[in-house]
Amino acid sequence: QAFGRGDKDDGRCFLHQGLWLGVLLGAGVALLVFASLPLLSLMGIDEELLSISRHYLSWIVLGLPCAGLYQAMRSFVEGYARAKAVMLINVFALLANIPLNYIFIFGKWGLPVMGGAGCGVASALVLLLMALLMLLYILMSKLKDHSFVWAWVGLDFSYLSRLMMIGLPIGLS
């Protein structure tokens, strides 16, 4: 809507608050996943698979705040009708995940064999990479004029509530 109105300030505020919301939700989900690890043993999973799952989840949670940041920037970029950039970053991330999984799972290039934990490390790194690539895209495109004010921007609950009213039903679905 801000893009349609030509309101750079409103779009910028939504981005900033979306970043707050993304990192807070990502960190919250990470804590929830980490806290629920002991519950895996109640599911009757084979002990070997249980160990692999715990190690994988213990590492991937580190990337969840980055996933929240990426989602906020992705929504901002898509709101400005730049879906091609999002698609390219997603394809690149998918392709990067393949060799990173291989390297960390099987311990290539002098790294230790990590198994399922290595898959979690690779996935967390890909989530970080996606956030960094999206940030780089924004800063190198015409969107940089619409995006960041390089000053501290605190939480603004009026924007956060508007984001939640739109995003919560979508997120739950």
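Reply: Let's start with how elements get picked: helices (H or I, at least four residues) and strands (E, at least two) are DSSP runs, numbered from the N terminus. What you're looking at is a predicted model, where local features need pLDDT of at least 70 and side-chain atom pairs count only at pLDDT 80 or more, while totals for chains, interfaces and linings use all residues. Residues are numbered from 1 along each chain as its sequence is written, and side-chain values use heavy atoms, with hydrogens and water left out.

Me: Okay, how many helices and strands are there in the chain?

Reply: Eight helices and zero strands. Reading from the N terminus, the elements go α-α-α-α-α-α-α-α. The C-alpha trace spans about 55 × 35 × 30 Å along its principal axes.

Me: What percentage of the 173 residues count as buried?

Reply: Buried means under 20% relative accessible area, exposed means over 50%, and partly exposed is in between (1.4 Å probe, protein chains only). Here 35% of the 173 residues count as buried. The chain exposes about 10500 Å² (Shrake-Rupley method, 1.4 Å probe), and 73% of that area comes from carbon and sulfur atoms.

Me: How do I read a pair of packed helices, say α5 and α6?

Reply: Two packed helices are described by the angle between their axes and the distance between the axes. Axes are lines fitted to C-alpha atoms, for helices over the stretch in contact, and angles run from 0 to 180 degrees between N-to-C directions. In this model, α5 (residues 83–106) and α6 (residues 116–140) have axes that come within 8 Å and cross at roughly 150 degrees. That makes α5 and α6 roughly antiparallel (over 145 degrees; under 35 is roughly parallel, 65 to 115 roughly perpendicular and the rest oblique).

Me: Which residues of α5 and α6 make the contact?

Reply: Contact means heavy atoms within 4.5 Å. On the α5 side they include Ile-89, Phe-92, Leu-100 and Phe-104, and on the α6 side Val-121, Leu-125, Leu-129 and Tyr-137 are among them.

Me: Where is Gly-154 found?

Reply: Look in the loop between α7 (144–147) and α8 (157–172). Gly-154 counts as partly exposed because its relative accessibility is 27%. Leaving out residues up to four places away in sequence, Gly-154 touches Gln-17 and Trp-20. The C-alpha atoms of Gly-154 and His-16 are separated by 8.5 Å, though these residues sit 138 apart along the chain.

Me: What is the phi of Trp-109?

Reply: Most residues other than glycine have a negative phi, and most peptide bonds are trans. Trp-109 has a positive phi of about 55 degrees although it is not a glycine. You'll find Trp-109 in the loop between α5 and α6, and it counts as exposed because its relative accessibility is 77%.

Me: Is Lys-84 buried or exposed?

Reply: Lys-84, in helix α5, is exposed, with a relative accessible area of 60%. Lys-84 and Arg-5 are 22 Å apart in space, C-alpha to C-alpha, and 79 residues apart in sequence.
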